[in-house]
Amino acid sequence: MPPIVFTLVQGLFLILLYLFVARAVRWIWRDITAPQRAAVATPAPAPAKRGTGKGKDKRKPRALPRELVIHTPHGRPQVVRLDSHDVTFGRAPASTVTLDDPYISDHHARVFLKDGEWCIADLGSTNGTFLNQVKVTSATPIAAGDQLGIGKTTVQVRK
């Protein structure tokens, strides 16, 4: 094989290798920055307004949840009834729902009853808690049909 052909094949191989590495770095960068972009682009849901009693509130009241269905990546769904007790999520053995997930903090999130409504609150977790794909920053009311994201675990809120 003539040396010029060998040199051209080497050059072509190097160009393809650099393109592959550049694309891999680009995709990794997108994966790392995607949650931050989504959190900025998606506005937080507005808190529900309470009626003042002067007029009729024409909105339908949200259904009060009665149970949580926990869908873990490697297990069967688990159902937790919502009664008057708080439900805590985390890796700590003292949690109501103990989850073995490296993306979950020891004390990650809490579902609790406040003023007749069930609310979700993040307990200062590293990776955050999400309500319908929006990061929870303060105690937020939940209703039947909502979906909670805790690490790789999905929690479905049901009647």
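Leaving aside its neighbours within four places in sequence, which residues is Phe 89 in contact with? In this predicted model, the contacts of Phe 89 include Leu 68, Ile 70, Val 97, Leu 99, Ala 109, Val 111, Ile 150 and Val 155. Ser 95, Asp 106, His 107 and His 108 are also in contact with Phe 89.

Phe 89 belongs to the largest nonpolar core, a set of 20 residues. Together with Leu 68, Val 87, Val 111, Ile 120, Ile 142 and Leu 148, Phe 89 is among the residues that touch the most other members. Two or more residues of this core come from each of β1, β3 (87–90), β5 (109–114), β6 (117–122), β10 (147–150) and β11 (153–158). In soluble globular proteins, nonpolar side chains tend to be buried together.

The strands themselves can be followed next. An open sheet is built from five strands, arranged in the order β4-β3-β5-β6-β9, with mixed pairing. The edges are taken by β4 (97–98) and β9 (140–141); each has a single partner strand, so one side of each is left without a neighbour in the sheet. For β9, antiparallel pairing with β6 runs over two bridges, and Thr 140 of β9 is the bridge partner of Ile 120.

A hairpin is also found, formed by β1 and β2 with six residues between them. Here β1 (residues 67–71) pairs with β2 (residues 78–81) in the antiparallel sense, over four bridges.

Definitions and conventions: Residues are numbered from 1 along each chain as its sequence is written. This is a predicted model: local features need pLDDT of at least 70, side-chain atom pairs count only at pLDDT 80 or more; totals for chains, interfaces and linings use all residues. Side-chain values use heavy atoms; hydrogens and water are left out. Two strands pair if DSSP finds at least two bridges between them. A nonpolar core is a set of buried Ala, Val, Leu, Ile, Met, Phe, Trp, Tyr and Cys residues joined through side-chain atoms within 4.5 Å. Buried means under 20% relative accessible area, exposed over 50%, partly exposed in between (1.4 Å probe, protein chains only). Contact means heavy atoms within 4.5 Å.
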